[in-house]
Amino acid sequence: MTPLIDVTFQLIIFFMLINNIITDQTVEMIVPTLDEPKTRRFEDEKKIIVNVAPIEHVLPGQYNLKERRDSPLEARDREEIGAIRVGSTEFKLQGGNNVVTIDVALKGLEDYLSAQRKADNEIEVEVRADCALLYDQVQLVLAAISAAEIGTVHLVAYLPEDAR
Amino acid sequence: METIASTETTATAAPETRRRREMTVEPARMQLNLTSMIDVIFLLLIYFVITASFSADEGILTAKLPQGTGKVQDTPKPPERPIRIRIASLRSPVECRIDLVGLGRSPRHFGELFTLLAGMQMNDGNSAGVFKPDNPVIIEPDRHVRWQHVVNAFNAAVRAKFTNVSFAQATE
């Protein structure tokens, strides 16, 4: 009986660790899949992840992210930003309560990043945007990051198959 | 009479019986009942198995933004002649049109874009190239291009080992 309990504890610890705290920083979405990606892993502790989420994030009842995985770019009605999330702060642009305008969201993002940069000049910013979003939308986020005087950003995409 | 006789027999036999009983009685043992603990452990395990989520691993591409201007670069800054990659949306969101402005080339897909860019770069392995690795490369998507295609173009430029790749304001 004792080895069974030992193995069971090992499994519990494993699943507790993979359900880690970092998942709270990311929003579920489909990031770009590239041809022959030159992406690399980035494990800097000082990174800030800016999630530019599609509408599925704020209206999960109407849209199903899992259904979209087969053809992620086909989504005609999911081209706009649903929410911008950075750290524990989220600016919802669509979907029910506490919705703000895009200008308020971008200003909030810029202020947040400026404050973080003043506290630590070496922070790194990751932009994690859904692959189906229009460039018109994402460039507003890039502009807000640039206005916070952050010169380098990391664009998130899937790793090459052999690196996963 | 019988009673007295029996009483006398009992009185003499009792101490011996008691001694025998004391010698054979085992000391009490404490035992831990593990069943409830195992039940709780399995419940915990089932909870974590159900709530665990697995997703494909993500990586990064590093991009430079112009600092403090409040908008992405919309005017290239020579001295070098920048390589301008224009990306236009098509009716199908899955596809896009790629043009190398001023160079008269229109690759059909991003693999071909990489091949063209790599062929144009002047380096140790390619003396016929025209552009240095630090030559500015500007990606000019139109407003309706999907983010996927923009990052793919960026990736093609990075694969071709250009080090100064940036984004322009969305064009109509």
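Good morning. The model is a predicted one, in which local features need pLDDT of at least 70, side-chain atom pairs count only at pLDDT 80 or more, and totals for chains, interfaces and linings use all residues. Residues are numbered from 1 along each chain as its sequence is written, while chains are lettered from A and ligands numbered from 1 in the order in which they are written.

The strands around that pair are E5(A) and E1(B), residues 58-64, which run antiparallel over seven bridges. Strands are DSSP runs of E with at least two residues, helices are runs of H or I with at least four, and both are numbered from the N terminus; two strands pair if DSSP finds at least two bridges between them.

How many residues does each chain give to the contact? Chain A gives 50 residues and chain B gives 47, where two residues are in contact if their C-beta atoms, placed from the backbone, lie within 7 Å. On the side of chain A that touches chain B, the largest share, nine residues, comes from H5(A).

I turn now to the core. The largest nonpolar core has 74 residues, and Val141(A) and Ile145(A) have the most contacts inside it. Helix H5 of chain A, residues 135-147, gives the most to this core, with nine residues. Such a core is a set of buried Ala, Val, Leu, Ile, Met, Phe, Trp, Tyr and Cys residues joined through C-beta atoms within 7 Å; buried requires 20 or more other C-beta atoms within 10 Å of the residue's own, C-beta atoms being placed from the backbone. Among the residues that Ile145(A) touches are Val50(A) and Leu65(B).

Methods
Buried ≥ 20, exposed ≤ 12 C-beta atoms within 10 Å, placed from the backbone. Lists of a residue's contacts leave out its neighbours within four places in sequence.
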